[in-house]
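Hi everyone, thanks for coming. I'd like to walk you through one structure today, a few spots at a time, so let's get it up on the screen.

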Amino acid sequence: MQQLEALTAFCTRLSGSSSTPESLRASAAGEADVAAALGRLRARRRAPSPVAGTSALAAMIAATSQTATDAVAALDAVVETAPPGALRAHLTGSAHPDASVYARLEEHGIVVVSDDHQTGDETRLGACVDSGDLDEVHAGLVDHHFARTAGSAGASIAARAAITRVGAQGSGAQAVVSLIREGDEAPAWDLAAIREELAGVGIPVLLRRWIPRGGSSTAAIEVAAELARRTGGVMSGERLASAVAATAHQRAWFQEVRARAADGEPIAFVNADAPHEIFRALGIPYVVNQWWASVIAAKRTGPASLARLAARGLPDDSRQYDALALGAQDLDEADAPWGGLPEPAFAVSERSGDVSHKIFELWGRRARTETFLLNRTAAVPAPEGWWDLVPDRWEEAFGTARIDLLEAEIRDLIGMLEGRTSRTLQTEALADIMARANEQAEWNRRTRALIASARPTPIAVTDSIPSVMVPQWHRGSQWAVDAARALHDEVAQRIADGVAVEPRERRRLMWIGRGLWSDLEMYRSFQEEFGAVFVWSMYLAIAADGYLRHGDDPVRTLAARFVGLTDLLYVPPMSSSWYVKEALAHGVDGVVHLVADDTPGAAFISAALEERGIPVLEIVANNADSRSTGRARVQERIAEFLRSRVPVRR
């Protein structure tokens with residue numbers, strides 16, 4: 001209020017005249033006319049045949065220094081439509097002092113139909129207070145100021161992300177372009193939340209960050225080229241509906257888990273190698289450690305979570321993927337992803353390696369959590385082609401003694417859970433869950449076969465991972481079966497429609513190892529320069545080959561599902577022969593092998609692939625720790641690998 005009063009006094013001294021009730025009301029009426037003209041222009045920008053974004057922005061910028069009458073005329077004069085077939089984009093990031101960037105985009109077939117920077121749709125033009133009393137005008141303008149979403153420097157991350165999503169959806173944008181100039185740091189902090197918001201509605205985000213002075217037009221041309229590459233009837237960069245649905249389901253489900261925990265219901269925190277089906281059969285909600293770690297990393301709360309471990313005197317540079325959730329549990333609720341994980345009643349893991357049991361021991365020291373550990377037995381080399389044996393001949397593949405031990409421990413787990421919850425496991429219910437999990441695996445096998453044979457690849461691994469893994473964490477539910485079938489059908493349709501991640505695909509890549517959750521955009525960053533597409537990750541492949549088990553006794557069959565699951569991924573020759581089989585089936589030209597600190601046998605896997613003439617780049621780093629992947633120079637080393645060792649496909 002004081003600033004407006006000071007501004008009024010300054011204008012009075014400068015002009016030599018004071019406001020009157022009549023002049024205040026006339027000014028308000030003129031500004032209201034400008035607001036109405038702005039509304040009409042926004043509607044024309046969002047129309048099926050939109051007006052040119054270049055003309056719209058130029059008119060809005062000009063209107064800030066014109067009389068109300070001239071501003072209305074300029075805004076209403078923008079009627080020429082963009083060329084038919086132009087790609088519709090929403091622009092976010094830094095503000096634009098002129099329309100040159102919009103012009104470069106339109107020259108390359110992209111029309112900006114909406115934006116959320118302060119010289120575009122978020123301009124302050126049109127704010128007015130219809131009153132002849134100066135104090136009322138000042139107070140009303142203050143209210144206007146606080147009622148609108150500020151620019152990035154003054155608004156919260158959540159507010160900026162929401163306004164970008166609403167703007168893009170409302171204008172029918174096919175993509176969001178974020179252009180951030182050097183020195184304009186605030187929009188970069190909004191970007192992760194914007195991506196999350198837009199991922200839920202299937203709108204891709206393209207980014208150019210730290211654009212130097214004079215480089216905006218070049219950045220616009222680069223973005224236009226990338227969008228043009230992604231366009232082919234349907235936008236090939238558009239997210240899979242399956243991925244969007246899976247992500248939305250998981251968010252809603254997690255909030256339901258939080259609500260159930262708040263009502264006093266016990267929940268479980270389990271490792272990926274624990275028998276989840278037992279918890280499903282008992283009706284105990286469970287959250288998977290590795291999934292929760294991926295969320296922590298993707299939401300950029302990994303460093304803070306690791307810092308909490310260090311503050312307790314625990315290592316922050318050992319088994320980060322397994323330990324991240326333990327650190328995140330000490331974050332404030334406002335800082336934790338999705339409000340944070342409720343305190344679990346049970347923490348269950350297999351004794352994989354030398355450290356997992358220690359991490360889960362620490363979970364058991366928390367006031368309301370009880371730990372249960374399953375033993376890890378030594379791997380027995382499976383016969384050649386284990387992927388054909390494990391559905392039915394699992395005794396032969398894994399050995400009776402190993403299955404006997406895990407079956408007994410699963411029965412002990414069931415007894416413990418029944419005793420703590422006063423629930424009883426129904427064998428028929430578990431058998432139904434196992435049957436649905438098998439049906440889910442069969443759909444995954446069909447999907448994997450479609451992708452393996454498709455040239456060029458129809459979906460990005462950044463979409464296949466959530467489309468597969470979210471249902472995996474709900475394995476045995478009807479929703480998971482339906483989701484697996486929907487993914488298959490969507491992939492089949494994309495192949496039929498000729499959709500490609502990269503129409504000019506020239507190098508097909510395989511990613512061995514866990515997902516790089518803190519930088520998923522990395523997977524698509526080699527398409528433009530190298531025509532390189534990641535066509536394979538372990539998530540769909542192991543969901544296809546690793547979980548299918550048939551048997552009469554559901555508990556013993558469940559033991560057979562988990563007894564050797566880690567071996568199949570990491571212990572040669574089971575792991576190495578499988579990766580070779582998958583690489584050949586998918587026509588892979590090169591392999592990026594992310595080697596973590598707890599994955600044995602990596603050298604044998606790489607050697608087996610090299611022996612088949614498939615070049616391998618080994619990168620030693622922890623997928624959940626951005627410090628580790630930063631030191632490993634992941635993106636830079638992959639680019640060097642592509643230049644030096646992976647020839648262009650002829």
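Let's start with a helix pair. Asn289, Gln290, Trp292, Ala293, Ser294, Ile296 and Ala297 of α12 are in contact with Tyr321, Asp322, Leu324, Ala325 and Ala328 of α14. Sorted by class, the α12 and α14 contact holds eight nonpolar residues, three polar ones and one charged one. Before I go further, please keep in mind that this is a predicted model.

How do the two axes sit? Those of α12 and α14 come within 8 Å and cross at roughly 70°. An angle from 65 to 115 degrees counts as roughly perpendicular, so α12 is roughly perpendicular to α14.

Staying in this part of the chain, have a look at two loops. Arg300 is in the one between α12, residues 289–298, and α13, residues 302–311. Its phi is near 65°, which is positive, and Arg300 is not a glycine. Then there is Arg319, in the loop between α13 and α14, the latter being residues 320–328. Arg319 also has a positive phi, about 50°, again without being a glycine.

Now, are these arginines buried or partly exposed? Arg300 has 46% relative accessibility, so it counts as partly exposed. Arg319 has 12%, and therefore counts as buried; the cut-off for buried is under 20%.

Which residues make the contact? From α19 we have Ala441, Asn444, Arg445, Thr447, Arg448 and Ile451, and from α23 come Leu540, Ala541, Ala543, Ala544 and Asp545. By class, that gives six nonpolar, two polar and three charged residues.

Pro573 lies in the loop that links α25, residues 565–570, and α26, residues 574–585.

Now let me turn to the sheet. Four strands form an open sheet with parallel pairing, in the order β2-β1-β3-β4. At the edges are β2 and β4, residues 205–211, each pairing on one side only. From one strand to the next, the twist averages 30°. Helix α5 packs on this sheet, where it touches β1, β2 and β3, residues 175–181, and its direction makes about 140° with that of β2.

How many bridges join β1 to β2? Five, with β1 covering residues 87–93 and the two strands running parallel. As a landmark, you can find Ala89 opposite Val112 of β2.

My last stop is α3, residues 53–63. Its buried residues are Gly53, Thr54, Ala56, Leu57, Ala59, Met60 and Ala63. And what covers them? The cover includes helices α2 (21–45), α4 (68–76) and α5 (100–107), along with strand β2 (110–115).

Conventions: Residues are numbered from 1 along each chain as its sequence is written. This is a predicted model: local features need pLDDT of at least 70, side-chain atom pairs count only at pLDDT 80 or more; totals for chains, interfaces and linings use all residues. Side-chain values use heavy atoms; hydrogens and water are left out. Buried means under 20% relative accessible area, exposed over 50%, partly exposed in between (1.4 Å probe, protein chains only). Contact means heavy atoms within 4.5 Å. Two strands pair if DSSP finds at least two bridges between them. Axes are lines fitted to C-alpha atoms, for helices over the stretch in contact, and angles run from 0 to 180 degrees between N-to-C directions. Ala, Val, Leu, Ile, Met, Phe, Trp, Tyr, Cys and Pro count as nonpolar, Asp, Glu, Lys and Arg as charged, and the others, Gly among them, as polar. Angles under 35 degrees count as roughly parallel, over 145 as roughly antiparallel, 65 to 115 as roughly perpendicular and the rest as oblique.
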